[in-house]
Amino acid sequence: MSSVRVWGPGVGAVVVLVATGAWARGTTGDPGLWDAVRPAIEARLVADARWDGPGAELSELRARWFCQAREVFLREDGGRVRAGVDTLCMEYGVRDGALQECGGAQVPKVIRLERDTAGAYRVVSLEEPPDGAGHGAWEKAHFGALAASRLDGNADTDALETAARDHFELSADAPVGDC
């Protein structure tokens with residue numbers, strides 16, 4: 001009986017550690033594959049991004065979209081890849097030497113890619129949750145409960161702000177305002 005009392009918590013701790021490691025990794029563990037598909041994913045995100053707001057003001061600001069994807073899961077089967085990603089797209093413009101944040105969205109997506117004859121990946125389909133209610137159910141159905149728990153909604157815009165400052169040739173410490 002005493003061995004159960006000693007070993008029980010130890011086995012439980014090992015299970016928790018293994019599960020935590022799997023949750024934290026959440027991928028196939030192949031950074032080379034992610035490096036290969038990420039440019040195609042982010043290019044598609046930028047191409048699909050749009051703003052439904054006032055166009056005249058945004059053209060004055062030379063506003064454009066900047067997008068990034070964070071891998072949640074990645075599976076390869078032959079030349080086909082299924083990627084679950086947490087995406088962040090922000091629209092930035094510039095006014096009086098300051099970066100202007102004009103809009104943005106963080107949305108989980110399931111993206112399917114195929115390798116073309118040149119060996120590059122291209123997006124062949126993209127799924128995202130429906131507008132309105134039902135995000136949680138969609139995320140669990142498409143990502144699984146464990147991976148869906150990694151979709152925390154905490155977006156870090158630092159990399160996008162840096163890319164936008166570089167694009168607009170602003171200083172690294174240029175302030176960020178709202179459109």
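In helix α6 (residues 158-167), the buried residues are Leu-160, Glu-161, Ala-164 and Arg-165. Seen down the axis of α6, these buried residues fall within an arc of 135°, so they line one face of the helix. The model is predicted. Two disulfides are counted in it.

**Helix α6**
- The cover over the buried residues of α6 includes the strands β1 (64-77), β2 (80-95), β3 (98-115) and β5 (176-178).

**Thr-87**
- Thr-87 lies in strand β2 and has a relative accessible area of 2%, so Thr-87 is buried, the cut-off being under 20%.
- The Thr-87 side chain reaches the backbone oxygen of Val-107 at 2.6 Å.
- Leaving aside neighbours within four places in sequence, the contacts of Thr-87 are Leu-45, Gln-68, Ala-69, Ala-105, Gln-106, Val-107 and Lys-109.

**Disulfide Cys-67 to Cys-89**
- Cys-67 and Cys-89 are joined by a disulfide with an S to S distance of 2.1 Å.
- This pair links distant parts of the chain, with Cys-67 in strand β1 and Cys-89 in strand β2, 22 residues apart.
- The link of Cys-67 and Cys-89 is right-handed, with 120° about the S-S bond.
- Cys-67 and Cys-89 are both buried.

**Disulfide Cys-102 to Cys-179**
- Cys-102 is joined to Cys-179 by a disulfide, S to S 1.8 Å.
- This pair also links distant parts of the chain: Cys-102 is in strand β3 and Cys-179 in the segment after β5, 77 residues apart.
- Cys-102 counts as buried at 8% relative accessibility, whereas Cys-179 counts as partly exposed at 35%.

**Pairing order**
- With the bonded cysteines numbered in sequence order, the pairing is 1-2, 3-4.

How values were computed: Residues numbered from 1 in each chain as written. Predicted model: local features only at pLDDT ≥ 70, side-chain atom pairs only at ≥ 80, totals over all residues. Heavy atoms only, no water. Buried < 20%, exposed > 50% of the residue type's maximum accessible area, 1.4 Å probe, protein only. Helix = DSSP H or I, 4+ residues; strand = E, 2+ residues; numbered from the N terminus. Arc of directions from axis to C-beta. Contact = heavy atoms within 4.5 Å. Polar contact = N/O pair within 3.5 Å; in protein donor to acceptor, adjacent residues only side chain to side chain. Disulfide = S-S within 2.5 Å.
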